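Here is a short report on a structure, written for reading beside the model. Keep the sequence and the 3D view open as you go.

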There are 2 protein chains.
Amino acid sequence: MEKFEVNILGCGSALPTTRHFSSSQVVNIREKLFMIDCGEGAQLQLRRSKLKFTRLNHIFISHLHGDHCFGLMGLISTFGLLGRTAKLHIYAHEQLEKLLRPQLDFFCKGMTYEVEFHSIDPTQATVIYEDRSVTVSTIPLKHRIPSCGFLFQEKKTPNHIIRDMIDFYQIPVYELNRIKNGEDYITPDGTVIPNQRLTTPSAEPRSYAYCSDTIHLPGIIPQIKGTDLLFHEATFMHEDVVRAQETFHTTAQQAAETARDANVKQLVIGHFSARYEDETLLLKESQAIFANTLLAKENLKITL
Amino acid sequence: MEKFEVNILGCGSALPTTRHFSSSQVVNIREKLFMIDCGEGAQLQLRRSKLKFTRLNHIFISHLHGDHCFGLMGLISTFGLLGRTAKLHIYAHEQLEKLLRPQLDFFCKGMTYEVEFHSIDPTQATVIYEDRSVTVSTIPLKHRIPSCGFLFQEKKTPNHIIRDMIDFYQIPVYELNRIKNGEDYITPDGTVIPNQRLTTPSAEPRSYAYCSDTIHLPGIIPQIKGTDLLFHEATFMHEDVVRAQETFHTTAQQAAETARDANVKQLVIGHFSARYEDETLLLKESQAIFANTLLAKENLKITL
């Protein structure tokens with residue numbers, strides 16, 4: 001199966017601890033790397049992950065709090081020092097470009113590559129990136145400032161041809177693409193050979209949803225229904241639900257409820273408040289409602 | 001003896017490695033903390049060091065390359081989240097305030113404390129900070145952009161009074177400050193009691209010089225003469241001296257020559273290029289010329 005992996009670079013929340021870096025992840029889809037959020041230290045963690053810097057061309061920023069974007073300048077600057085030439089695309093609230101531009105002009109003068117900002121509207125579920133194999137859409141969230149998650153969806157790949165059957169019916173090569181895409185074959189004498197006899201279905205397309213930072217928001221359930229993996233913030237334990245509401249964050253219990261109601265296959269919780277020394281308590285709270293929960297941690301790699 | 005310690009938070013150079021954080025140090029003088037440079041991850045390393053955040057009120061930035069200042073926004077922002085109220089003073093090239101102000105206004109809106117920028121002229125050796133016990137001066141350096149080091153000098157403290165002698169001569173209390181400061185005592189009958197019989201000298205004031213980033217610059221020697229500790233960049237081995245000159249950096253051998261010629265007591269080298277896997281080679285090169293050389297490393301604490 002083609003690669004579809006999520007690499008956690010950092011999963012702490014606003015206050016740094018010695019346990020966690022701030023938010024950053026890399027989604028690896030067939031060796032194309034997509035970064036989600038870029039907290040301070042993301043470039044260091046990227047280096048540790050041994051993921052190839054040159055494979056990273058797209059960065060998605062959920063919202064403009066420092067713990068989700070203070071690592072950008074360092075990363076951009078390092079790419080420049082390494083002689084990168086490919087354009088780097090950053091998808092974020094339009095304000096980000098205004099905030100970074102003076103520093104880019106100063107610190108990255110004469111850099112060998114270009115940074116292009118793509119302004120996203122966090123209030124609409126919109127496709128913001130698309131290539132041959134994947135689409136990325138925004139997931140509107142609700143936080144103290146405009147915020148959105150990201151949904152990575154593999155495209156369905158063509159069915160696999162059964163070589164022996166092609167030979168048996170002596171099907172000409174120019175028919176093969178149509179058959180891969182699900183059509184039946186009609187022999188010269190008019191017999192219809194149903195597609196199921198000629199192909200085996202390709203793997204089901206996989207999907208990954210990243211939801212952080214947000215208050216508990218059941219409204220996202222239709223959009224993330226059935227995803228293979230959901231990363232959801234779980235900043236607080238449910239005993240601190242009042243604090244979660246005040247700060248527009250989610251509790252581990254609420255994250256699990258969302259995972260259960262959206263019928264996702266697996267949940268990984270992160271963005272932990274610094275107040276919890278023992279994060280297994282967050283895990284247990286979530287697992288009580290949604291058993292297939294993982295606890296995010298630095299350098300964790302999850303294969304879909 | 002009063003505390004005078006240098007804590008290395010990061011000692012790598014521009015390219016991050018898994019071995020090093022970028023440049024940052026904290027000088028602890030009698031539990032007042034002074035940060036020098038603030039590369040990405042400095043706040044994380046400060047947390048690891050267990051130094052008290054609230055004791056840090058002054059940050060000195062040597063020059064405006066990203067590996068010396070990209071950690072500022074995260075540090076400032078975290079101080080805000082922690083409810084800091086004391087003003088934070090940043091001493092740097094005037095351009096820094098212009099670069100950070102838009103981000104400060106956006107990310108740190110409503111913060112409970114103030115950041116005050118003090119513009120420094122890196123081309124002049126000037127006292128830029130002074131309190132009861134210490135002065136900090138710039139050390140003009142030569143790099144690709146304006147750059148300066150920093151010289152921390154303890155002030156001489158008053159001599160220690162010999163209690164028994166004070167009692168013996170029945171010296172009144174109001175005379176004591178004058179005696180501590182070195183004056184002789186004249187008894188009511190006119191006899192002069194020399195100061196040396198009444199006091200023991202206080203400890204010699206200590207000094208620390210930080211020199212990074214710079215090309216090999218013997219011109220700094222008069223200013224750093226006899227310092228107790230010199231931190232000098234040693235980005236390259238001397239076999240790469242051409243590269244050092246091109247990039248306005250120093251080799252380990254050159255750093256050692258400066259330490260020797262300035263007759264400092266101890267040298268610590270840092271700001272290592274990512275190209276050297278085995279940094280003990282840099283250490284050996286320096287020690288061949290100046291034996292009392294230390295290799296900087298993260299979390300190293302040097303007591304003066």
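In chain B, seven strands make an open sheet in the order S7-S8-S9-S14-S15-S16-S17, with mixed pairing. Strands pair here if DSSP finds at least two bridges between them. Helices (H or I, at least four residues) and strands (E, at least two) are DSSP runs, numbered from the N terminus. Strand S7 (127–130) and strand S17 (293–295) of chain B stand at the edges; each has a single partner strand, so one side of each lacks a neighbour in the sheet. The twist from one strand to the next averages 20°.

This is a predicted model: local features need pLDDT of at least 70, side-chain atom pairs count only at pLDDT 80 or more, and totals for chains, interfaces and linings use all residues. Residues are numbered from 1 along each chain as its sequence is written, chains are lettered from A and ligands numbered from 1 in the order in which they are written, and side-chain values use heavy atoms, with hydrogens and water left out.

S7(B) runs antiparallel to strand S8 (residues 134–140) of chain B, and three bridges join them. B:Val127 has B:Ser137 in S8(B) as its bridge partner. Helix H10 (residues 280–287) of chain B packs on the sheet and touches strand S16 (266–270) and S17 of chain B. The direction of H10(B) makes about 170° with that of S17(B). Axes are lines fitted to C-alpha atoms, for helices over the stretch in contact, and angles run from 0 to 180 degrees between N-to-C directions.

**Chain A sheet**

Chain A has an open sheet of seven strands in the order S7-S8-S9-S14-S15-S16-S17, again with mixed pairing. Strand S7 (127–130) and strand S17 (293–295) of chain A are at the edges with a single partner strand each, so one side of each has no neighbour in the sheet. Neighbouring strands are turned by 20° against each other on average, direction ignored. Strand S8 (residues 134–140) and strand S9 (residues 148–154) of chain A run antiparallel, joined by seven bridges. A:Val134 has A:Glu154 in S9(A) as its bridge partner. Helix H10 (residues 280–287) of chain A lies across strand S16 (266–270) and S17 of chain A, at about 170° to S17(A).

**Interface**

How many residues does each chain bring to the contact? Chain A gives 33 residues and chain B gives 33 residues. Contact means heavy atoms within 4.5 Å. Chain A and chain B bury about 2800 Å² between them, 71% of it on carbon and sulfur atoms. Buried area is the accessible area (1.4 Å probe) that two parts lose on being put together, summed over both. A:Glu40, A:Phe70 and A:Leu99 supply 23% of the area that chain A buries against chain B, more than any other three residues.

A salt bridge is a side-chain nitrogen of Lys or Arg within 4 Å of a carboxyl oxygen of Asp or Glu. Six residue pairs are in polar contact across the interface, both at pLDDT 80 or more. A polar contact is a pair of N or O atoms within 3.5 Å; within protein, one must be able to donate a hydrogen and the other to accept it, and residues adjacent in sequence count only if both atoms are side-chain atoms.

On the side of chain A that touches chain B, the elements giving two or more residues are helix H1 (42–49), helix H2 (72–81) and helix H3 (95–107) of chain A. H3(A) gives the largest share, seven residues.

**Salt bridges and backbone**

Over all chains, the count comes to 30 salt bridges. In one of them, A:Glu116 pairs with A:Lys87, the closest N and O atoms being 2.5 Å apart.

| Cis peptide bond | Omega |
|---|---|
| A:Ser212 and A:Asp213 | about -5° |
| B:Ser212 and B:Asp213 | about -5° |

A:Asp213 sits in the loop between strand S14 (207–211) and helix H7 (221–224) of chain A. A:Lys50 has a positive phi of about 65° although it is not a glycine.
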